[in-house]
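Reader: I'd like a close look at just one part of this one, and what surrounds it. Pick a stretch and walk me through it, cut-offs included.

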Amino acid sequence: VQAAPPPTPRPAPAAKRVVEDAELLDHSRLALAGGDFAGAAKSYGQLIKGRRSLDKVIADLQIALYRSPENAGLWQCLGDAYMKADQVSEAIEAYRRGMESA
C-alpha cells in the first residue's frame, strides 16, 4: 500500500493581504502625487473599509491635507479612517473641517 503524497501547502492569505495593502497604499500615494484626489480617496477607502493599514492611511491623509486643506473629499476620507480606528473625536473634527471646506 502506497501512502498518499502530502497535500500541497496553500499560500498564506496574510502574505497576500500585505502585498495588497502595499499596492493600495502605493496606488493611493501616486494618485495624491498626481493630484487625483478622488482616485486616492477611492484607494484609501478600500483600506479603510477593511480596517487595514489605518495608521499609514491616516498619516498619508494628514500630510495631503496639510498641503491641500480645502479638499473636502480628503477630510471625509480622513474622518472615515479615524472612525474605523476608533478615534471618534478626531473623526468628528475631520468631518467638521470637511464640511467647512465644501
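Author: Helices here are DSSP runs of H or I with at least four residues, and strands are runs of E with at least two, numbered from the N terminus. Let's take helix 2, which covers 37–49, and begin with Phe-37, a residue of that helix. Before going on, note that this is a predicted model, so to speak of local features we need pLDDT of at least 70, while side-chain atom pairs count only at pLDDT 80 or more, and totals for chains, interfaces and linings use all residues. Residues are numbered from 1 along each chain as its sequence is written, and side-chain values use heavy atoms, leaving out hydrogens and water.

How does the length of helix 2 check out? The end C-alpha atoms are 18 Å apart, so the two agree. Just past the helix, Arg-51 takes a positive phi of about 55°.

Back to Phe-37: its relative accessible area is 26%, so it counts as partly exposed. (Buried is under 20%, exposed is over 50%, and partly exposed is in between, using a 1.4 Å probe and protein chains only.) Skipping residues up to four places away in sequence, Phe-37 touches Leu-32, Ser-68, Asn-71 and Leu-74; contact means heavy atoms within 4.5 Å. Leu-74 sits 37 residues from Phe-37 along the chain, yet their C-alpha atoms are separated by 7.2 Å.

Asn-71, another of those partners, belongs to the loop between helix 3 (54–67) and helix 4 (72–84). At 14% relative accessible area, Asn-71 is buried. Its side chain reaches the backbone nitrogen of Gly-73 at 3.1 Å. Neighbours within four places aside, Asn-71 is in contact with Leu-65 as well as Phe-37.

Now for the buried side of helix 2: Gly-39, Ala-40, Ser-43, Tyr-44, Leu-47 and Ile-48. Tyr-44 and Ile-48 are among the residues with the most contacts inside the largest nonpolar core, which has 22 residues. (Such a core is a set of buried Ala, Val, Leu, Ile, Met, Phe, Trp, Tyr and Cys residues joined through side-chain atoms within 4.5 Å.) Helices 1 to 5 each supply at least two residues of this core. Beyond four places in sequence, the contacts of Tyr-44 include Leu-25, Leu-32, Val-57, Leu-61 and Cys-77. Leu-61 is in helix 3 and is buried, with a relative accessible area of 0%. Besides Tyr-44, Leu-61 touches Leu-74, Cys-77 and Leu-78, again not counting residues up to four places away.

Phe-37 and Tyr-44 also meet at the largest pocket, whose lining includes both of them along with Arg-29, Asp-60 and Arg-67. A pocket, on a 1 Å grid over the protein atoms alone, is an open set of points where a 1.4 Å probe fits, with protein on both sides within 12 Å along at least five of seven lines; lining residues have an atom within 4 Å of a point. This one holds about 170 Å³ of space, the volume being what probe spheres set on the points fill, with points joined across faces, edges and corners. Helix 1, helix 2 and helix 3 each supply at least two lining residues, and helix 3 gives the most, with four.

Methods: Polar contact = N/O pair within 3.5 Å; in protein donor to acceptor, adjacent residues only side chain to side chain. Expected span 1.5 Å × (residues − 1).
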